[in-house]
Amino acid sequence: MNRDAGGEAIAAVQSYLHYLQRLGVTELPVTLAPPVRTAAAALPARAAATTLPAQGAAIDAEPAVRLAQLAAAVHDCRKCGLHRGRTQVVFGTGDPAAALVFVGEAPGHDEDLQGEPFVGAAGQLLNRIIAAIGLRREQVYMLNVIKCRPPQNRNPQPDEIAACWPILQEQLACLRPRIICALGAFAAQTLLQTEERISRLRGRFHRFGDIQVMPTYHPAFLLRNSQYKRAVWEDMQLVQRALGLQ
């Protein structure tokens, strides 16, 4: 092995270990599961898109380990053109056993640099929203529909959503939360396979398989439109009650 190849191998191992640390994994299994399929494909029909393993189904490995395997499998994903401009794949972070998962749209500038979702100004607002319902950031899991930052933070394109869709499905199958909070139109429309506006989706629970989904406005939208904060608080109170946090 030449020096350049050796350096790349070391960097890849370091990147993988960084993922494991962020996911809370302290031990590695002796045998890893087969790599996860991440081929780009058109979004499936709604019925197929919301199919997850039944509650109580056998699980091959602990959620943290399965997420770490998935993160390692997609850390150099090139299934769409976004890989050419990214700093790194922003996989997700938080408690793998969390009852509440937040799904956003796509990484922004800060997320792309740090490799973690919701770390900029919108993330700080989301932290306060989480605290308001009696939880801490470390007690939930956060991820995005798109794992790479779109140029100039533009809206995700259909082919980019399709490329990341299998990864998102695998993440949620590992996590199996009680509730998903879909932040913004792209997250809600992707999960629910609908073109309905976020203003009409929010305020009530929907279903993703057997998981409840609460759509609400994205924190970045709230930073520009503070008058919608009350609506988000109403949505989060529904989540709070459903989790028994009141």
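**Cavity, cysteines, pocket and core**

Mentor: The largest cavity has a volume of about 60 Å³. This is a predicted model, in which local features need pLDDT of at least 70, side-chain atom pairs count only at pLDDT 80 or more, and totals for chains, interfaces and linings use all residues. Residues are numbered from 1 along each chain as its sequence is written, and side-chain values use heavy atoms, with hydrogens and water left out.

Trainee: How many cavities of 30 Å³ or more does the structure hold?

Mentor: A cavity is a set of points on a 1 Å grid over the protein atoms alone where a 1.4 Å probe fits but cannot get out; a pocket is an open set with protein on both sides within 12 Å along at least five of seven lines, and lining residues have an atom within 4 Å of a point. Grid points are joined across faces, edges and corners, and a volume is the space filled by probe spheres set on the points. At 30 Å³ or more, the number of cavities is one.

Trainee: Which cysteines line the largest cavity?

Mentor: Its lining includes R78, K79, H83 and R86.

Trainee: How many disulfides does the structure hold?

Mentor: A disulfide is a pair of cysteine sulfur atoms within 2.5 Å. For C77, the nearest cysteine sulfur, that of C164, is 6.2 Å away. For C164, the nearest is that of C80, at 5.9 Å. The number of disulfides is zero.

Trainee: Is C164 buried or exposed?

Mentor: Buried means under 20% relative accessible area, exposed over 50%, and partly exposed in between (1.4 Å probe, protein chains only). The relative accessible area of C164 is 7%, so C164 is buried.

Trainee: Which helix gives the largest share of the lining of the largest pocket?

Mentor: This pocket has a volume of about 600 Å³. Of its 27 lining residues, the closest to the centre are E105, A106, H218, A220 and R224. Helices (H or I, at least four residues) and strands (E, at least two) are DSSP runs, numbered from the N terminus. The largest share, four residues, comes from helix 9.

Trainee: Which residues touch the most other members of the largest nonpolar core?

Mentor: A nonpolar core is a set of buried Ala, Val, Leu, Ile, Met, Phe, Trp, Tyr and Cys residues joined through side-chain atoms within 4.5 Å. Of the 60 residues in this core, the ones asked for are L100, F102 and V103.
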